[in-house]
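Okay, thanks for coming, everyone.

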Amino acid sequence: MEQYGKILLIAMPAFLILVLFEKWYGWFKGKDTVRNMDMISSLSSGVTNVTKDVLGLAIALISYEWLVNRVALTHIDTTWYTYLIVFIVLDFAGYIVHALDHKINFFWNSHIIHHSSEEFNLACALRQSVSVFVRLFVILLIPAALLGIDSKVIAIVAPLHLFAQFWYHTQHINKMGFLEKIIVTPSHHRVHHALNKEYIDKNYGQIFIFWDKIFGTFQEEIPDVKPVYGITRPVRTWNPIKINFLHLWLMIKDAWHTKRFKDKLRIWFMPTGWRPTDVEEKYPVYKIEDAYNFEKYNPQASVFLQVWSWVQLISLLFFISYLFGNIAYIGKPDMFIYGAFVFLMIYAFTELMDGSRLALVWEILKAALGIGIIFYLGDWFGANKFLPWISIVLIAYFVISVGVVSWLTFTIEKQNRHVSVSA
């Protein structure tokens with residue numbers, strides 16, 4: 001956890017710089033593909049995911065080390081080609097998991113966040129799940145385990161494989177010649193993120209595209225068919241924590257409401273999007289039927305609200321950087337309290353971005369938890385040894401934040417009443 005946190009201290013600023021560069025480049029070229037609030041939502045989602053991973057809030061039913069100790073037929077030396085083998089094995093396993101995420105109702109809940117943006121850009125690459133608490137992925141590494149590949153190799157290659165999936169989430173790179181036949185390119189992945197009937201549920205590859213060509217899931221980007229991004233049941237929120245559990249909550253409600261016992265059981269394993277007939281008729285859910293005629297989620301947001309959302313995001317990045325850089329010092333159970341604060345902070349300011357009436361309640365809870373931590377611990381998780389005045393600054397931040405959110409929620413409510421009267 002500590003080592004991964006240190007890697008993220010380098011990776012997070014790099015990703016943020018690239019996301020902002022894409023925003024600038026799109027503006028410069030007259031093709032801006034990054035909406036402000038959507039970008040903040042995506043960046044916030046990235047923070048939720050890495051926080052969960054650094055805190056170790058997921059378990060593997062079996063570990064790779066346990067597997068290799070029991071099934072290895074040989075033990076190959078760690079050389080350059082060992083890393084190549086592991087990279088290919090990981091990529092094939094990733095293809096299988098990715099396909100299952102799209103095909104099975106229950107697994108879709110762990111992947112919906114990644115497709116929830118109605119834009120396609122580098123920021124949306126950071127929309128990753130926090131809803132997976134049990135990992136089944138290790139079983140797909142049996143080929144590497146049979147060869148007795150050292151678990152340290154997996155630990156090095158896995159994050160590199162993940163980070164290598166970032167760059168192709170962009171609309172600013174066209175087709176890439178012969179590379180289109182080997183690796184996943186932006187063109188291939190634009191197809192994957194599209195909800196058009198010509199494109200949906202295609203191109204599951206993560207690094208290599210030939211898996212899709214082998215298993216018949218490949219679709220080339222068609223010049224005359226512009227990809228339309230998002231999911232057919234739009235999430236209609238900027239709150240990444242809500243998005244992570246929307247599909248699961250729908251399945252739970254459907255399993256409860258359906259009268260047929262068989263449907264209560266099979267709903268979890270049916271194809272993605274399947275609902276019992278009786279529930280579908282009684283409790284309809286909006287679904288995009290025409291990919292070219294629907295309204296993107298874009299609640300009214302004043303310039304001040306957008307600026308304040310950036311202030312909150314930047315504050316969040318300072319909070320999370322301190323956690324990742326000092327997680328060994330913070331230790332258990334304090335690091336889990338810190339994680340709860342991070343999640344509460346994200347929930348509060350993304351609810352405000354949605355214009356929710358409850359945003360102020362969440363903001364007050366965040367401030368109460370933050371100030372309570374300072375008084376209980378005597379400082380902010382040991383930060384006083386670096387900055388003796390940090391507690392005073394944080395208390396001032398929490399108080400000012402509640403005041404600003406109070407004013408913003410009042411303003412939003414007033415605007416909503418005005419719109420209702422006008423309508």
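By cavity I mean a set of points, on a 1 Å grid over the protein atoms alone, where a 1.4 Å probe fits but cannot get out; a lining residue has an atom within 4 Å of a point. Grid points are joined across faces, edges and corners, and the volume is the space filled by probe spheres set on the points.

Before I go on, this is a predicted model, where local features need pLDDT of at least 70, side-chain atom pairs count only at pLDDT 80 or more, and totals for chains, interfaces and linings use all residues. Residues are numbered from 1 along each chain as its sequence is written, and side-chain values use heavy atoms, with hydrogens and water left out.

So, what lines the largest cavity? Its volume is about 60 Å³, and around it sit Arg 35, Asp 38, Ser 116, Ser 117, Glu 118, Arg 127, Val 235, Arg 236, Thr 237, Trp 238 and Tyr 297. That's three nonpolar, three polar and five charged residues. For those classes, Ala, Val, Leu, Ile, Met, Phe, Trp, Tyr, Cys and Pro count as nonpolar, Asp, Glu, Lys and Arg as charged, and the others, Gly among them, as polar.

The second largest cavity has about 50 Å³ of space. Here the lining is Gln 300, Ala 301, Ser 302, Leu 305, Leu 408, Thr 411, Ile 412 and Gln 415, and by class you get four nonpolar, four polar and no charged residues. Helix α18 (residues 390–422) gives the largest share, four residues. Helices here are DSSP runs (H or I, at least four residues), numbered from the N terminus.

Last stop, Gly 273, in the loop between α12 (261–266) and α13 (277–282). Is Gly 273 buried, partly exposed or exposed? Its relative accessible area is 24%, so we call Gly 273 partly exposed; buried is under 20%, exposed over 50%, and partly exposed in between, with a 1.4 Å probe and protein chains only. Leaving aside neighbours within four places in sequence, Gly 273 is in contact (heavy atoms within 4.5 Å) with Asn 105, Arg 233 and His 247. And Lys 103, 170 residues from Gly 273 in sequence, is 9.0 Å from it in space, C-alpha to C-alpha.

Notes
On a 1 Å grid over the protein atoms alone, a cavity is a set of points where a 1.4 Å probe fits but cannot get out, and a pocket is an open set with protein on both sides within 12 Å along at least five of seven lines; lining residues have an atom within 4 Å of a point. Helices (H or I, at least four residues) and strands (E, at least two) are DSSP runs, numbered from the N terminus.
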